[in-house]
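Subject: Structure for you to look at

Hi,

Here is the structure I promised to pass on. Please open it alongside this email, and then read on for what turned up in it.

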Amino acid sequence: MKLSARNQFKGKVVGIETGAVNAIVTIDIGGGNIVSSTVSMAAVRDLELEVGKDAYAIIKATSVMVGID
């Protein structure tokens, strides 16, 4: 797999919350870090995602969100 995105984190799928159209996929990338992504249900099926399967969190940021503690 070759991508232009430099932020690629291999991890393990630890959760999939399905909805009618989209799913929230949660990936444990190690070190106590969890990444979540909203993807289409079609993508979940096409990638054959399931809890326990290895997957990559690939981040290509086009915007920055701001949060506070």
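Predicted model: local features only at pLDDT ≥ 70, side-chain atom pairs only at ≥ 80, totals over all residues.

Below are my notes, starting with the overall fold and ending with a few single residues.

A word on the ground rules first. Residues are numbered from 1 along each chain as its sequence is written, and side-chain values use heavy atoms, with hydrogens and water left out.

**The fold**

The chain has one helix and four strands, in the order β-β-β-α-β along the sequence. Helices (H or I, at least four residues) and strands (E, at least two) are DSSP runs, numbered from the N terminus. The C-alpha trace spans about 30 × 30 × 25 Å along its principal axes. Of the 69 residues in the chain, 19% are buried; here buried means under 20% relative accessible area, exposed means over 50%, and partly exposed is in between (1.4 Å probe, protein chains only). The accessible surface comes to about 5,500 Å², and 53% of that belongs to carbon and sulfur atoms. These areas come from the Shrake-Rupley method with a 1.4 Å probe, and for residues only the protein chains shown count as cover. As for contacts (heavy atoms within 4.5 Å), 43% of those between residues at least 6 apart in sequence join residues at least 24 apart.

**How the strands pair**

Two strands pair if DSSP finds at least two bridges between them. Strand E1 (residues 7–18) pairs with E2 in the antiparallel sense over six bridges, and the two form a hairpin with three residues between them. Threonine 18 has alanine 23 in E2 as its bridge partner.

On to the next pair: E2 and strand E3 (residues 33–40) are also antiparallel, over eight bridges. If you want landmarks, asparagine 22 stands opposite serine 40 in E3, and threonine 26 stands opposite serine 36 in E3. The hairpin of E2 and E3 has two residues between the strands, and glycine 31 takes a positive phi near 65° there.

**The core**

Which residues make up the largest nonpolar core? There are nine: Val13, Ala23, Val25, Ile27, Met41, Val44, Leu49, Ala55 and Ala57. By nonpolar core I mean a set of buried Ala, Val, Leu, Ile, Met, Phe, Trp, Tyr and Cys residues joined through side-chain atoms within 4.5 Å. In soluble globular proteins, nonpolar side chains tend to be buried together.

Leaving out residues up to four places away in sequence, methionine 41 touches Thr18, Gly19, Ala20, Val21, Asn22 and Ala23.

**A nonpolar patch outside**

Met1, Leu3, Tyr56 and Ile58 form a nonpolar patch on the surface, with about 420 Å² of accessible area together. Patches are made of residues with over 30% relative accessible area and no salt bridge, where like charges are joined within 9 Å and nonpolar side chains (Val, Leu, Ile, Met, Phe, Trp, Tyr) within 5 Å. Leucine 3 lies in the segment before E1 and is partly exposed, at a relative accessible area of 42%. Tyrosine 56 sits in strand E4 and is also partly exposed, with a value of 42%. Not counting residues up to four places away in sequence, tyrosine 56 touches Met1, Phe9, Lys10 and Ile27.

**One salt bridge**

How many salt bridges does a search of the whole structure find? The search finds one, where the side chains of aspartate 54 and lysine 12 meet (2.9 Å, N to O). This pair links distant parts of the chain, with aspartate 54 in strand E4 and lysine 12 in strand E1, 42 residues apart. Aspartate 54 is partly exposed at 42% relative accessibility, and lysine 12 is partly exposed at 39%. The cut-off for a salt bridge is a side-chain nitrogen of Lys or Arg within 4 Å of a carboxyl oxygen of Asp or Glu.

**One more backbone detail**

Most residues other than glycine have a negative phi. Glutamate 48 has a positive value, near 55°. Glutamate 48 is in the loop between H1 and E4 and is exposed, with a relative accessible area of 56%.
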